[in-house]
Amino acid sequence: MDDKLKRSFMDSVINSIEWLAALFVGIVAADIFISVLLRYFFAVQIPDGYDFGRLLLGILIFWGIAATSYRGTHITVDLVWGAGGPRMRRAMDIFATLVLLFVVTVHTATLYDKVRSTYAENLVTYDLKLPIWPFFAVAWIGDVSAVVLIAIRTYQLIFSPELVGGRHETDAGK
Amino acid sequence: MVLSTNTVAITGFVVLFALMLLRVPVGMAMGLVGVTGYSYLTGAEPALKLVALTSMRTVTDYTFGVIPMFLLMGAFVSKSGVSRELFRAANTLVGHLKGGLGIATIVACGGFAAICGSSVATAATFSTVAYPEMRRYGYPQAFSTGVIAAGGTLGAMLPPSTVLAVYGIITQQDIGKLFIAGIIPGILAMSMYVTTIAVIVMVRPGLLPAGTASSWTERRQALRDVWAPLLLFAFVIGGLYGGLFTPTEAGGVGAGGAFILGVLRRRLTRGDIREALLQATRTAAAVFTVLIGALLFGYFLTITQTPQKLTEFLTGLGLGRYWVLTLIMLMYIALGCLMDAMAMIILTVPIIFPVITSLGFDPIWFGVIIVMTVELGLIHPPVGMNVFVIKSVVKNVSFTTIFKGVIPFVITDLLRLTILISFPIIAIYLPGRMG
């Protein structure tokens, strides 16, 4: 597979992950919006609207973090990086991505325990008594995909830097 | 060899700063140092348990949903082209005055920032909307870019402000009250920026020429385009103030409302909707990563008793509370040279906040003060995030030119900060009357 194909394949994988997370943002917003309307105009509420909202929020954040990590759009201090030359920038990027990989891997391992303990404790939602662990499991899969994607990014940074895309602008932190 | 808690705390901070300077994401660096330090002092098992517990609790906390919801509302509004309509409306009203285009930029920035909540997004948007217009009428580059950089900072003050929401989460203050607390200081900021432009016109009458006068029909038409988004903003913030919604619900209603308005007014295409959802997701993921890291780092701070020790140290200096406050703000202004607003708030507030409360300052008021101070960092050298954003949009302008244009507004900001410290009631009047 040539570089262009590899890049376009990776882009479609990331776009799908990001799009999935973005879809959850829309669902959470719709859940809240409809809940408020129903409460004020019809004095009824969506069963488990509150629990669905917060659990979907968890899923979207972990899936979003996966895409953010691959794209390199986390909030960073760019003072030294911005002043450095291309070699220094690449070295810093590799170091930062390795640290990221380590942290997210440890996080994923600990989160697996959390999913297991939630399953064992049989925690359920408030109204419909649905088990909570599947939501946590989906969130955890997002974290697993973050590990895979960061590993790919690390490999690309070391061996094929031309495959690593540029930063996408986020307006976090303003 | 067993290190004392003081040594561990100092080592932790040194490693944290080193990691951040090496461009490790702020949230990851804070999480790593926090958990490593905590595990050194208490053992690995409890530290690792904290990791999953904290992250899962943070991302599934309904209250924290306020961040993605308001981000989504802002993204829908941005994509609907409201910035251009706001500028046009303000321009028809004041564009015929000397400096009028500058005033229109400030007013439109305020209106846009109030809905979108992001300083950088505001600066980036108005670099494309207002800058060409100001240049067309012969406004100098320095002023044109400076006024946009300053106008952009209104995003962090006027509700809904992402930075104030994060401050509220970290300090466990009522986010709704914090949003409302930003209203009068935000309006004060706009008024003072407008006054600054008027002073510039008085001192150098030929610098900012008058634009074309608009007819009343044109004015009515322009205002007709902006009433809907402004009504949505008033409804969302009014509902928050009146206790109709929680902050998260207000965000959800705002996002839903912005979506419906955009679709009904045919301003949102399928591509725009997709882009808005993606933009909100990316930013929310980045903010939540830092939040999780900050909360993990918070455990480390607690176990090393860093905030208590700093409080004892600062109150033991015998300087008086306003001098301690001045020291803290100077530190923020200095830090503003190194990092952006969100990173600064998340890193320092857990340490500084106990000092502030022990000195008897109001936490809501301090939220406004601290956000205003870090916002200064968005426009002062050498980092000045808004300046970088403007530079990335307006290619043929130098950093020096933008920073020159920003100077009058930085002076105004310092004056405003002094006013707010002298009269805290400006910030705490409205939250004190909330339902």
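1. Leaving aside residues up to four places away in sequence, Thr145(B) touches Tyr131(B), Ile390(B), Val397(B) and Ile402(B). You will find Thr145(B) in helix H9 of chain B, which covers residues 141-152. Is Thr145(B) buried or exposed? Thr145(B) counts as buried because its relative accessibility is 0%, and the cut-off for buried is under 20%. Please keep in mind as you read that this is a predicted model.

2. Next, have a look at helix H7 of chain B, residues 119-129. Of its 11 residues, 9 are buried, so the helix is largely enclosed by the rest of the structure. The buried residues of H7(B) are Ser119(B), Val120(B), Ala121(B), Thr122(B), Ala123(B), Thr125(B), Phe126(B), Ser127(B) and Val129(B). What covers them? The cover of the buried residues in H7(B) includes H9, helix H5 (82-94), helix H6 (100-116), helix H8 (131-136), helix H19 (363-379) and helix H20 (385-393), which belong to chain B. The helix H9 in that list is the one that holds Thr145(B).

3. Now for how the two chains meet. In chain B, 68 residues are in contact with 56 residues of chain A. The size of an interface is often given as the accessible area lost when the parts come together. Here the area buried between chain B and chain A is about 5,500 Å², and carbon and sulfur atoms give 75% of that.

4. Charged pairs also cross this boundary. Side chains of opposite charge can pair when their charged atoms come close. How many salt bridges does the rule find across the interface of chain B and chain A? There are 4 of them. Glu249(B), for example, forms a salt bridge with Arg39(A), with 2.6 Å between the closest N and O atoms. A network of salt bridges also links Glu18(A), Arg71(A) and Arg282(B).

5. Over all chains, the structure holds 13 salt bridges. One of them joins Arg54(A) to Asp51(A), whose closest N and O atoms are 3.0 Å apart. Both residues lie in helix H2 of chain A (residues 49-71), 3 residues apart, about one turn of the helix. Arg54(A) counts as buried because its relative accessibility is 17%, and Asp51(A) is buried with a relative accessible area of 8%.

6. Glu85(B) counts as buried at 10% relative accessibility, whereas Arg267(B) is partly exposed at 28%.

7. Of the 12 residues lining the largest cavity, the closest to its centre are Gly72(A), Ala96(A), Arg153(A), Arg23(B) and Pro25(B). Helix H4 of chain A (residues 86-121) gives the largest share of that lining, 4 residues. By type, the lining divides into 3 nonpolar, 5 polar and 4 charged residues.

Notes
Residues numbered from 1 in each chain as written. Chains lettered and ligands numbered in written order. Predicted model: local features only at pLDDT ≥ 70, side-chain atom pairs only at ≥ 80, totals over all residues. Heavy atoms only, no water. 1 Å grid on protein atoms, 1.4 Å probe; cavity = no way out; pocket = protein on both sides within 12 Å on 5 of 7 lines; lining within 4 Å. Helix = DSSP H or I, 4+ residues; strand = E, 2+ residues; numbered from the N terminus. Nonpolar A, V, L, I, M, F, W, Y, C, P; charged D, E, K, R; others polar. Buried < 20%, exposed > 50% of the residue type's maximum accessible area, 1.4 Å probe, protein only. Contact = heavy atoms within 4.5 Å. Buried area = accessible area lost by both parts, 1.4 Å probe. Salt bridge = Lys/Arg side-chain N within 4 Å of Asp/Glu carboxyl O.
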